[in-house]
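Colleague: Could you take me through this structure, feature by feature? I would like the general idea, then the case at hand.

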Amino acid sequence: MPGSKEANAHAEDFADAVFHLVREKYSELIGCSSLAHTCQKGLAGIVMTRGLDVRQAEVVALSTGTKCINGEYMSDQGLVVNDCHAEVTARRALLRFLYSHLELHLSLATVASPLGPKLLIATRNSIYSLSQRLNVDFADAVFHLVREKYSELIGCSSLAHTCQKGLAGIVMTRGLDVRQAEVVALSTGTKCINGEYMSDQGLVVNDCHAEVTARRALLRFLYSHLELHLSKRQDEQQHSIFIQHRSSFKLRENILFHMFISTSPCGDARINSPYELTNDFSVHSGRHLVKKFHSHLRTKIESGEGTLPVRCRAPVQTWDGVLQGERLITMSCTDKIARWNVLGLQGALLSHFVEPVYLTSLTVGSLRHTGHLSRTLNQRLERLGPLPPCYHRNQPLLSSLSSSEWWQQAKAPCYSVNWTAGDDQLEVINASTGKRRDCGAPSRLCKHALFTRWTRLYRKLVACAPGSRDVPLMYCEAKQAAGTYQTAKEQWVRALQENGLGTWVRKPPEQEQFLLDVSHGSSRSPFVAPNMAPLLKNPQDGASLSKIGCSSNGNGSHLTLSFQQGSPSLGLEIYHPVEFSCSLYPPRFPYSIKV
């Protein structure tokens, strides 16, 4: 019968799809281990799907083996696996997956849920429908908040009748209660700057992809709340999302950030996502999923769309090379999000003041494959190793929408819009030039603008002495002085290379070698690096810091700290006699302190 033949063919295609998913996962895992060149006789895997849609399929358990234990190794403490046949150990691996989802449910059940009675109903269903229903409902709520805010803002602008191809937004919640959720950052865009418009004063935005500019918009939100915390008014301090923690600041308990992006981030998450466009398994049944550049770092195409594998071995581009026609390299959004999952969203500058800020969840609207997205964002560097204090491998909850038919695909315009909570209106950036489209002025998201915000905070948080000499700050040096962040970053970059995923390529260093005067009225204040902190102790004799001075000669620069008796104590003392060198800004000149 014709119907039976079609059904059989469909079943065969589905079986092929399941096989390719299992084989791909096995190849990925075995390639990163000492077993890369060995052959296995038995392989078994368990794939989880939602219905029969393999676009959201995920390999949840995998095993190999064909033998059982020797009787002499039996254990009366339950410390051995008796049967190592692949099918049996795959089933045991599935048990671990089930336990993890039960633990997830119990942790979520302790937080105020926006779903109310739905949560109680869901507990009667299987663990799959429970976790997926909870995820989808929450993801839909995040999406609706972002879309409504975008519609509200775009309706009040000249862009009301234009279509955007990429939209990203960041929503802040207290726990998982969307009733108190707030959109705090929003952006659109799919393109990058032309190399000819690079700025050595930090006056342009290099990457106008929605995910990237949404994160930069979030930085402005974080700066605003740090400024609130430092306000002299008690009511403003209470509204800040930050609290003081030891010598820095951290987010208040239950403050969570969730990102929504309209399509899978460019790069490996999109280009190598299997079965993401169609349910017709026969189209993909012969597809070879293990590709040469699978999981590798990728770079965006200058002034265009799409990505290419990283082929450059040099970690830094040159300014003159780009100006003479070399392609300006910008790392893909997939790779940038994976980096945020290690280093945090706050970046190097804010790391001077706050602990890492991570995403709690990531929701993708279309062109997504949840299992593949998890691999590209969370699992590529499972062997990263221990990170410095406060840093960890963050694994945000990955979610999809209940429907992906909402977004109108259109030709991408050559501009990007951005908004941060507190702004009156959208800002529109020309993606090719990296500056505002209306007047050509620098964007509020550019390096110079954010560095100015940072400097303002620095004045409030670091001791400022009247009469100190002029000490302009260089952007790259202030970033480099965030020692713990830079250590974690170096570890991340090194792990990419050691795992054969490619070299993280940085833009020409001249882009970050601009100075910012930190004058405060008629006085100036030098930048004192955090690594001086161990030398400053509680006073034994009532001495207090009265002057910080900085001088320079042909052999280097000298920083002097003067103390006097009888003045109000600042709680600082420097042990003396002491003479040492302190590298405040490694790329430039050495500092020494003499007392």
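Modeller: Start with helix α15, residues 483-498. At 1.5 Å a residue, its 16 residues should span 22 Å, and its end C-alpha atoms are 22 Å apart, so the two agree. The expected span is 1.5 Å times one less than the number of residues. Helices (H or I, at least four residues) and strands (E, at least two) are DSSP runs, numbered from the N terminus. This is a predicted model: local features need pLDDT of at least 70, side-chain atom pairs count only at pLDDT 80 or more, and totals for chains, interfaces and linings use all residues. Residues are numbered from 1 along each chain as its sequence is written, and side-chain values use heavy atoms, with hydrogens and water left out.

Colleague: Which residues of α15 are buried?

Modeller: The general idea comes first. An α-helix has 3.6 residues a turn, so residues three or four places apart point the same way. In α15, the buried residues are Tyr485, Gln486, Ala488, Lys489, Gln491, Trp492, Ala495 and Leu496. Buried means under 20% relative accessible area, exposed over 50%, partly exposed in between (1.4 Å probe, protein chains only).

Colleague: What covers the buried residues of α15?

Modeller: The cover includes α10 (333-343), α11 (347-350) and α14 (475-480). Contact means heavy atoms within 4.5 Å. Just after α15, Gly500 has a positive phi of about 70 degrees.

Colleague: How do I read an aromatic pair?

Modeller: A pair of aromatic rings is described by the distance of the centres and the angle of the planes. Rings of Phe, Tyr and Trp (its six-membered ring) pair if their centres lie within 6.5 Å; planes under 30 degrees apart count as stacked, over 60 as edge-to-face and the rest as tilted. The count here is nine aromatic pairs. Phe353 and Trp454 are stacked, at 5.8 Å centre to centre with 25 degrees between the planes. Phe353 lies in the loop between α11 and β11 (361-366) and Trp454 in helix α13 (residues 447-461), so the pair ties together parts 101 residues apart in sequence. Both Phe353 and Trp454 are buried. Tyr391 and Tyr485 are edge-to-face, at 6.4 Å centre to centre with 65 degrees between the planes. Tyr391 lies in the loop between α12 (370-379) and β12 (397-400) and Tyr485 in helix α15, so this pair ties together parts 94 residues apart in sequence. Tyr391 is buried, with a relative accessible area of 11%; for Tyr485, also buried, the value is 6%.

Colleague: Which residues do ring pairs link into a cluster?

Modeller: Phe353, Phe451, Trp454, Tyr458, Tyr475 and Phe514.

Colleague: Now the strands. What is the order of the open sheet of three strands?

Modeller: The order is β9-β8-β10, with antiparallel pairing. The edge strands, β9 (307-309) and β10 (330-331), each pair on one side only. Two strands pair if DSSP finds at least two bridges between them. Strand β8 (residues 298-300) is joined to β10 by two bridges, and Lys300 stands opposite Thr330 in β10.

Colleague: How many bridges join β5 to β6?

Modeller: Four bridges join β5 (residues 242-245) to β6 (residues 248-251), and the strands run antiparallel. Ile243 has Lys250 in β6 as its bridge partner. The hairpin has two residues between the strands, and Arg246 takes a positive phi near 55 degrees.
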